[in-house]
Amino acid sequence: MLTKKTAGAGRERGLRGLRLLAVPLAVLALHAGTGAAVAQSHLGGDTAAGAPASAPATAPAVRVTEGQVRETGPGGTLLYPSVTSCLTVTVRLADGGLVGAHASLFQVPGEYRSDRILGALRDRVGDRRVTAVEVRGAVGAWHPGYFTKAVESYGDGEAVPYPTRPDPEGLAAAVADGLGQPRAKVTVTDVPDGDQTVR
């Protein structure tokens with residue numbers, strides 16, 4: 001019994017010593033600019049020789065909140081958070097980049113109104129070649145005219161048009177016109193409430 005306890009205690013001390021050694025090795029590897037992967041390989045990690053320890057980190061998604069126009073480069077991701085009564089308009093560029101607009105029924109202070117957002121998106125795209133335009137969101141809540149005259153811009157006594165049924169064709173035509181793109185490049189999809197991620 002005593003022998004087993006002594007052997008177990010020795011093994012525990014040995015493991016503790018290895019753990020204590022691991023910290024300085026990891027710090028040295030990071031300090032030398034070689035990264036944690038080198039430290040792991042020196043500590044007996046199971047990485048194959050010459051193979052990276054893990055895949056490179058991807059860039060964070062670019063958030064496009066209500067009334068905003070933003071973009072990401074080739075291979076990037078756009079995140080449109082909390083799309084409820086909104087529409088998102090994503091322009092796919094020939095180089096693989098994405099330019100997106102989060103169109104809101106009612107203007108968010110300091111951001112674009114629905115009748116200004118397509119112009120801002122068009123300016124952001126500039127003369128870059130467009131391969132597709134994707135419109136997604138609350139299709140049934142949107143009248144195509146909101147892209148040319150925002151709900152807020154109607155005065156007292158003026159009737160605000162409200163959609164009586166979903167009009168994806170009318171929305172596609174309005175977006176194509178607002179962006180100066182052929183109608184054939186624009187698709188419209190009704191998407192349930194929630195975040196939208198476009199890659």
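This is a predicted model: local features need pLDDT of at least 70, side-chain atom pairs count only at pLDDT 80 or more; totals for chains, interfaces and linings use all residues.
I'll start with the helices. Two packed helices are described by the angle between their axes and the distance between the axes. Here the pair is α3, residues 117-125, and α4, residues 168-179. Their axes come within 8 Å and cross at roughly 50°. That angle makes α3 oblique to α4. The crossing of α3 past α4 is right-handed. On the α3 side, the contact is made by Leu118, Leu121 and Arg122. On the α4 side, Ala174, Val175, Asp177, Gly178 and Leu179 take part. By type, the residues of this contact are 5 nonpolar, 1 polar and 2 charged.

Next, Asp95. Is Asp95 buried, exposed or partly exposed? Its relative accessible area is 49%, so Asp95 counts as partly exposed. A polar atom of the Asp95 side chain lies 2.8 Å from the backbone nitrogen of Gly97. Asp95 and Arg128 are 33 residues apart in sequence, and their C-alpha atoms are 8.7 Å apart in space.

Thr90 is buried, because its relative accessible area is 1% and the cut-off for buried is under 20%. What does the Thr90 side chain join through a polar contact? The partner is the side chain of Tyr80, at 2.7 Å. Leaving out residues up to four places away in sequence, Thr90 touches Leu78, Tyr80, Leu98, Val99, Gly100, Ala132, Val133, Glu134 and Val198.

That's the end of my part.

Terms used
Residues are numbered from 1 along each chain as its sequence is written. Side-chain values use heavy atoms; hydrogens and water are left out. Axes are lines fitted to C-alpha atoms, for helices over the stretch in contact, and angles run from 0 to 180 degrees between N-to-C directions. Helices (H or I, at least four residues) and strands (E, at least two) are DSSP runs, numbered from the N terminus. Angles under 35 degrees count as roughly parallel, over 145 as roughly antiparallel, 65 to 115 as roughly perpendicular and the rest as oblique. A crossing is left-handed if the near helix is turned anticlockwise from the far one by less than a right angle, and right-handed if clockwise. Contact means heavy atoms within 4.5 Å. Ala, Val, Leu, Ile, Met, Phe, Trp, Tyr, Cys and Pro count as nonpolar, Asp, Glu, Lys and Arg as charged, and the others, Gly among them, as polar. Buried means under 20% relative accessible area, exposed over 50%, partly exposed in between (1.4 Å probe, protein chains only). A polar contact is a pair of N or O atoms within 3.5 Å; within protein, one must be able to donate a hydrogen and the other to accept it, and residues adjacent in sequence count only if both atoms are side-chain atoms.
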